[in-house]
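Dear colleague,

Please find the structure handed over below, followed by an account of what was found in it.

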Amino acid sequence: MDNSTCAYCGVGCGLSIDLKKNIILGQKNHITNSGLICSKGASQLKYIDKNRVLKPLYRTNIDDDFEEINWQRAIKILGDKVKQTTPAKIGFYLSGQLLNEDYYIANKLAKGFIKTSNVDTNSRTCMASAVVGYKKSIGLDYVPVTQQDAVDSDLYILIGSNIAESHIVLSQKIKKAKKRGLKIVVIDPRATKTAQMSDLHISIKSGTDTLFLNAVAKRLVELKLNKPNIKLNGYHNYLKQLKNVDIQKNLKEAGVSENTFKKFIELWSNSVNIVTSWTMGINQSANGVASNLAIINLHLLTGKIFKPKNGPLSLTGQPNAMGGREVGGLATTLAVHLDYTSDNVRKVEQFWQTSNMPQQTGLTAFEMIEQGELDFLLTAHTDPLFHLPNRNLIESKLKNIDFIVELNSYHNSETSKFAHMILPASPFGEKEGTQVNLDRVVNYQAPLYEKSGESLQDWEIFQKIGAELGFQEQFQFNSSEDIFNEYKEMTKLSPDIDIYKTSYTQLKKEPFRWGQNHQFQEANIIFPEFKCLSEDISPEYPFQLLTGRLANSWHSETKAGNNTDYCYISEIDAKNLHIKSGDMIRVKSRYGDIEIKAEIDKATPEKHIFIPMHFRGVNYLTSSLLDQFSKEPEYKVAVQIII
Ligand SMILES: Nc1nc2c(c(=O)[nH]1)N[C@H]1C(S)=C(S)[C@@H](COP(=O)(O)OP(=O)(O)OC[C@H]3O[C@@H](n4cnc5c(=O)[nH]c(N)nc54)[C@H](O)[C@@H]3O)O[C@H]1N2
Ligand SMILES: Nc1nc2c(c(=O)[nH]1)N[C@H]1C(S)=C(S)[C@@H](COP(=O)(O)OP(=O)(O)OC[C@H]3O[C@@H](n4cnc5c(=O)[nH]c(N)nc54)[C@H](O)[C@@H]3O)O[C@H]1N2
Ligand code: SF4
Ligand SMILES: [Mo]
């Protein structure tokens, strides 16, 4: 049996793999999953050689077909393209699915040597609002709770988070905990599978969570339940602003009844230990950061934080979204949780033995492409054309980029339609490295097979590019472990990451949770202002579009999932519009339109349409609206249905 880690979601399950029998089981003694596993996790061996890119592919013009070329020629062409332009016109678009080692090398090459800070990741579309929320309130990008705390708490609140389909092993544990008395509240416009296992489902109007949460805060203060257990900067001012909150008005705007609100307040008041989790329903919003603050505030205000079984537990989606935050994969951090200050830049320059690094943050994911000024775009382990909002706009911008290179293991990504070069990356099973799950557990992912064809691990490709650009000396790593050793040394510069305490030898035996001894002395409590920026439904666009996940699919479905080409509408809307399950409909927004099969669904509320984000055309409908602080897209628009 080989031990490894699941390459799908942020839960971060340990795997026991029997290669002779070709089966994957949950690792029994693993700190996170204790033997549990979901169907995606158990079936990942079958994707290792399906539909693989096995050789470098190249074309001079995106209207031509790709031709196979050798590595040497590919890297020479790519290097020449980098040399022909300036750092400001170069962008690296990375992914929360890269391993730490791949991410670290990409960041070092781009920021340290190519000297561009335009290094961002698909995590911008995913949890950037949570990063900003934590940094503003507790001062650090640090998740101060674990999954086990949620399981052991008395009340688990899930806001905009459908763990029954997205964090399945966590949801299995929560289901079990419910049997011994754990209460569950789900706040989601849809009656999701998670809502179906809850004690209270609040079908909130999408985008209004800040209003609801501020109303809760005010009521808790009225009930004298404000008992902070840490020094709160700005507390006086916060309480003053809370006084102006009109509970009735907020509830009305959020579509929550007085009675439901009362039930929620009762559950909060009667629970000793409370954990709150949130995911895309909160983060992907023009008020994403505000709602993150509003959630964390409830815990700060009532002293339900920084102690076991309590606190705000943001759930990251991708397997190494956290690792990406930590190495510095966001354009807004330098490396190892260091922000861009001249002092920090100097420290990092010294560590990497380089000079003249960029002094400022770079372009974030959407901006990188929307601003349309790049000459060179590299994407690794992600498909921006599939996943960025306002696809018609993104397509028009991609067409103007002189050179796009994609690192992918599989054929047929949407971005590959606009790429000039595709470089073959070795996927899960053929690569080695580490990844960090949603509650700071560093796990080891084991190589199981030889690499196929001419594929290389992502970091090896970045290293080749580094050498071509003249940085052989700084990119001489012989193994993933070599890179990890340099990375862990670098974490000594970090304000909080103590990954330097572990090693490959130890990680192969058991995972390591970083930041165990971090002590918080104070936090900031900031009143979150709600801004009414989202598109509301109107007579012309009478349906609210929501997008999200299904249990057996993974994103663009190059791996798990199959043809998710349908949308959900409510029974009542189907009746009014004379739509039957299986009918083709046209869905149109102000930004684009698509054709899709309709399915009637009980979980979808009236005047809503739910399209699985796995449907590749989904982002023809979405808009360019971003949260102003985190630059995370909103992905929610008003649409019309045309029969
Ligand atoms: N099976 C599967 N699991 C996955 C993934 C996958 O592709 N497939 N992807 C992973 C990734 S990268 C991520 S980020 C996570 C995402 O995990 P989740 O965020 O749990 O997944 P979504 O389906 O996007 O769910 C978002 C929920 O928010 C609700 N929602 C929408 N708008 C609002 C709002 O304004 N307020 C509130 N309160 N709720 C709202 C939606 O109805 C939906 O149920 O899943 C991870 N796990
Ligand atoms: N409308 C809407 N849009 C969304 C969302 C939503 O909820 N609604 N969610 C957003 C979120 S949270 C996320 S995380 C994104 C996800 O969006 P993406 O990151 O674009 O989705 P994936 O399909 O996971 O893309 C991963 C790519 O990496 C490739 N790959 C697999 N293994 C390897 C490897 O080892 N190396 C390399 N180099 N490549 C590999 C896969 O073939 C695939 O093309 O979508 C975002 N977009
Ligand atoms: S819950 Fe997530 S990490 Fe665990 S097996 Fe399923 S997909 Fe993998
Ligand atoms: Mo995500």
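The shell around ligand 3 divides by class into eight nonpolar residues, two polar and one charged; here Ala, Val, Leu, Ile, Met, Phe, Trp, Tyr, Cys and Pro count as nonpolar, Asp, Glu, Lys and Arg as charged, and the others, Gly among them, as polar. The residues that surround ligand 3 are Cys6, Tyr8, Cys9, Gly12, Cys13, Ile37, Cys38, Lys40, Gly41, Ile168 and Val169, where a residue belongs to the shell if one of its heavy atoms lies within 4 Å of the ligand. Helix H1 (39-42) and helix H7 (168-179) are the elements that give two or more residues to this shell. Helices (H or I, at least four residues) and strands (E, at least two) are DSSP runs, numbered from the N terminus.

Please note that this is a predicted model, in which local features need pLDDT of at least 70 and side-chain atom pairs count only at pLDDT 80 or more, while totals for chains, interfaces and linings use all residues. Residues are numbered from 1 along each chain as its sequence is written, chains are lettered from A and ligands numbered from 1 in the order in which they are written, and side-chain values use heavy atoms, with hydrogens and water left out.

Ligand 1

Ligand 1 is surrounded by 34 residues, of which the closest are Asn162, Asp188, Gly207, Arg549 and Ser553. By class, this shell has eleven nonpolar, 16 polar and seven charged residues. At least three residues come from each of domain 2 (128-314) and domain 3 (543-642); the domain bounds come from an automatic or database domain assignment.

An oxygen atom of ligand 1 lies 2.7 Å from a polar backbone atom of Asn162, and a nitrogen atom of the ligand is 3.4 Å from a polar backbone atom of Gly160. A nitrogen atom of ligand 1 is also 2.9 Å from an N or O atom in the side chain of Lys636. Taken alone, ligand 1 exposes 910 Å², and the protein buries 98% of that; the areas come from the Shrake-Rupley method with a 1.4 Å probe, and for residues only the protein chains shown count as cover. Helix H6 (163-166), helix H13 (280-283) and strand S21 (543-548) are the elements that give two or more residues to the shell around ligand 1.

Strand S21 pairs with S26 in the antiparallel sense over two bridges; two strands are said to pair if DSSP finds at least two bridges between them. Gln544 stands opposite Ala638 in S26. Strand S26 (residues 638-642) is mostly covered, with four of its five residues buried, where buried means under 20% relative accessible area, exposed over 50% and partly exposed in between (1.4 Å probe, protein chains only). S26 is also joined by three bridges to strand S23 (residues 584-588), and the two run antiparallel. Here Arg586 stands opposite Ile642 in S26.

Ligand 2

Around ligand 2 there are 31 residues, and the closest are Asn122, His387, Lys431, Asp458 and Ser556. A polar side-chain atom of Lys431 lies 2.7 Å from an oxygen atom of ligand 2. A nitrogen atom of ligand 2 is 2.8 Å from an N or O atom in the side chain of Thr547, and a nitrogen atom of the ligand is 2.9 Å from an N or O atom in the side chain of Asn619. On its own, ligand 2 has 920 Å² of accessible area, and the protein covers 99% of it.

The shell around ligand 2 has eleven nonpolar, 16 polar and four charged residues. Domain 1 (51-123 + 319-509) and domain 3 (543-642) each supply at least three residues, while helix H18 (384-387) and strand S15 (403-408) each supply at least two.

Strands

Strand S15 belongs to an open sheet of seven strands with mixed pairing, in the order S5-S4-S16-S15-S14-S6-S7. Strand S5 (67-68) and strand S7 (119-121) are the edge strands, each pairing on one side only. Within the sheet, two bridges join strand S4 (residues 57-58) to strand S16 (residues 421-424), which run antiparallel, and Tyr58 has Met421 in S16 as its bridge partner.

Yours sincerely

Key: Polar contact = N/O pair within 3.5 Å; in protein donor to acceptor, adjacent residues only side chain to side chain.
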